[in-house]
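Look at the sequence and the model first, then read on.

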Amino acid sequence: RVTRRMTVFVPDLKLVMDSIVWAFKHTMRNVADTGLMIVLTMLQNLDSKDVAQSFYQTYFLNILQHIFSVVTDSTNAAQLANQTKVLAFMFSLVEQKKITVNLCANPADYPGVTDNEAFVKCYTQDLLKKAFPNLQDM
């Protein structure tokens, strides 16, 4: 379980998270699957409220952005099942309001967005529009 002890290693955590992202973006299936399972397990095991909220505020959008970059890249299609597991879990954290810190660093960029659920929906739409420029707002 990820607990308060994790806060001691905050400078090293960035290196760990960068390594996990590198792994799940890797073109070798076993490396990518390992990275995806590590990030999913880490998210599932955040159990200290303070540490979890700090982690979400620092890394949630970064993980989401990188997962979407892999999902929208056809060279990583073999890992789609694990990618969707991670995305589903991340979305469930937001929908179940387990993330209480404000994820939106720039509220001016998202006028009218008042909570994390609405923000993550808008943020995800923006990620998809960047990946697929032919998409239009409805």
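## Terms and model

A residue is called buried when its relative accessible area is under 20%, exposed when it is over 50%, and partly exposed in between, using a 1.4 Å probe and protein chains only. Met37 is partly exposed by this definition, because its relative accessible area is 29%.

The model is predicted: local features need pLDDT of at least 70, side-chain atom pairs count only at pLDDT 80 or more, and totals for chains, interfaces and linings use all residues. Residues are numbered from 1 along each chain as its sequence is written, and side-chain values use heavy atoms, with hydrogens and water left out.

## The chain as a whole

The chain has five helices and zero strands, in the order α-α-α-α-α along the sequence. Helices (H or I, at least four residues) and strands (E, at least two) are DSSP runs, numbered from the N terminus. Of the 138 residues in the chain, 40% are buried.

Contact means heavy atoms within 4.5 Å. Among contacts between residues at least 6 apart in sequence, 63% join residues at least 24 apart.

Helix H2 covers residues 29–44. Its 16 residues reach 22 Å from the first C-alpha to the last, close to the 22 Å expected at 1.5 Å a residue; the expected span is 1.5 Å times one less than the number of residues. Buried residues in H2 include Ala32, Leu36, Val39 and Leu43.

Two packed helices are described by the angle between their axes and the distance between the axes. Axes are lines fitted to C-alpha atoms, for helices over the stretch in contact, and angles run from 0 to 180 degrees between N-to-C directions. H2 and helix H3 (residues 49–71) pack at about 150°, with axes 13 Å apart. They are therefore roughly antiparallel; angles under 35 degrees count as roughly parallel, over 145 as roughly antiparallel, 65 to 115 as roughly perpendicular and the rest as oblique. Leu36, Val39, Met42 and Leu43 of H2 touch Phe55, Tyr56, Ile63 and Ile67 of H3. These residues divide into eight nonpolar, no polar and no charged. Here Ala, Val, Leu, Ile, Met, Phe, Trp, Tyr, Cys and Pro count as nonpolar, Asp, Glu, Lys and Arg as charged, and the others, Gly among them, as polar.

## H2 against H4

The axes of H2 and H4 come within 9 Å and cross at roughly 20°, which means that H2 is roughly parallel to H4. Asp33, Leu36, Met37, Val39, Leu40, Leu43 and Gln44 in H2 meet Asn82, Gln83, Lys85, Val86, Phe89 and Met90 in H4. By class, this contact has eight nonpolar, three polar and two charged residues. Met37 and Lys85 are 48 residues apart in sequence, yet their C-alpha atoms are 9.1 Å apart in space.

What covers the buried residues of H4? The cover includes H2, H3 and helix H5 (116–131). H4 and H5 pack at an angle of about 145°, with their axes 8 Å apart. Phe91, Val94 and Glu95 of H4 meet Asn116, Glu117, Val120 and Thr124 of H5.

Lys97 lies in the loop between H4 and H5. Its phi is near 60°, a positive value in a residue other than glycine. Most residues other than glycine have a negative phi.
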